[in-house]
Amino acid sequence: MSRRALLSAGAALPVLAMPAIGRAQGRYKPEYKITVVGNRPIALSESAFVWADLVNQRSEGRLNFKVYPGSSLVGGDQTRELLAIRQGVIDGAVFSTINISPQVREMNLFSLPFLMPNTAAFDALVGGEVGQALFRALAQRDVEPLAWGENGFREISNSKRPIRAPADLRGLKIRFAAGAIFSEIYTALGANPVQMSFADLQPALSTGAVDGQENPVNLFLGFRMDTLAQKHLTMWNYCADAGIVSLSKPVLASLEPRDREIVVEAAREAGQAGNNAARKGLGANGDRSSLDECARRGVEVIDLSPAEKRAFAQATRPVFDKWAATVGPDLVRKAEAAIARVS
């Protein structure tokens with residue numbers, strides 16, 4: 001081989017040695033924007049930050065996921081996150097199924113009142129045929145769902161009185177996040193439902209614009225709602241707030257296979273991190289530390305008996321039946337069957 005040929009071959013070696021990295025660095029964005037409602041210590045936010053951290057570490061600098069909490073990329077309106085991803089403004093999200101249910105009707109399954117009595121029922125849904133069907137429904141919207149997470153069962157608090165029966169809700173102004181189903185649930189219970197974003201909730205509670213709200217216990221604690229006159233907390237598990245770790249389909253398709261694998265595996269771990277945060281201290285394995293902390297802060301924690309929960313379920317059954325038709329009767333039947341198997 002001539003000296004010129006040797007030099008030419010040597011010059012080509014660095015390109016041949018790192019083709020994937022070179023291509024990835026040339027094609028990847030400087031930053032991938034990830035949206036999530038609220039901020040730590042909300043369980044969904046925990047999932048988002050864990051996901052970004054794992055991806056950034058494991059990709060060794062090829063990917064830069066940045067979390068924008070508080071739905072700040074859509075002006076605090078969490079119901080616009082799905083549209084923003086479809087428009088290419090945002091790259092990924094840890095969705096609350098409540099916030100995307102206006103656009104993906106099947107996601108209202110988690111909001112059917114008193115469908116899921118406990119975490120075993122929730123796990124049965126997301127881990128089986130129902131969870132797969134819901135992922136397919138979201139995938140039709142240009143978004144790739146990667147893993148399930150959880151924000152927790154939604155409990156109700158208020159500043160006026162203990163809630164033990166449907167009559168106790170009469171006349172109370174209760175904030176809900178999104179979805180007409182929640183307006184109908186609270187109307188059926190005699191309350192006055194008020195829709196507003198999470199960003200507006202704390203000032204509304206502090207001024208008395210609303211009397212109460214419904215959110216998971218660990219969110220209640222993390223955002224010190226006990227300091228916003230919320231002194232009565234009823235554990236009724238009327239619906240669950242599921243989370244979905246998701247990425248834009250075009251973004252996922254643009255990744256090198258090894259980076260795609262990193263993103264997907266990190267999403268699964270992040271979903272589990274959210275589950276752990278959502279369930280901490282709520283009685284599993286004897287750990288009631290979160291409930292004890294509520295009591296320490298002067299909050300009356302009301303555990304409803306099965307009979308008391310049935311009274312709420314009966315009062316909201318017309319809403320359940322109406323929205324079961326919207327979600328899809330076959331999907332609801334499968335959900336009920338899956339829950340029955342673990343009950």
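1. Arg86 has a relative accessibility of 44% and counts as partly exposed, a class that lies between buried (under 20% relative accessible area) and exposed (over 50%), computed with a 1.4 Å probe on protein chains only. Its salt-bridge partner is Asp142, with the closest N and O atoms 3.5 Å apart, where a salt bridge is a side-chain nitrogen of Lys or Arg within 4 Å of a carboxyl oxygen of Asp or Glu. Arg86 belongs to helix H4 (residues 81-86) and Asp142 to the loop between helix H7 (129-139) and strand S4 (143-158), so the pair ties together parts that are 56 residues apart in sequence. Asp142 is likewise partly exposed, at 36%.

2. This is a predicted model, in which local features need pLDDT of at least 70 and side-chain atom pairs count only at pLDDT 80 or more, while totals for chains, interfaces and linings use all residues. Residues are numbered from 1 along each chain as its sequence is written, and side-chain values use heavy atoms, with hydrogens and water left out.

3. Across the whole structure, 25 salt bridges are found. One of them joins the side chains of Glu269 and Arg58 at 2.9 Å, N to O; since Glu269 lies in helix H12 (residues 257-279) and Arg58 in helix H3 (residues 43-58), the pair ties together parts that are 211 residues apart in sequence. Helices (H or I, at least four residues) and strands (E, at least two) are DSSP runs, numbered from the N terminus.

4. Lys334 and Asp330 form a salt bridge at 3.4 Å between the closest N and O atoms, and these residues are four apart in helix H16 (residues 329-342), about one helical turn.
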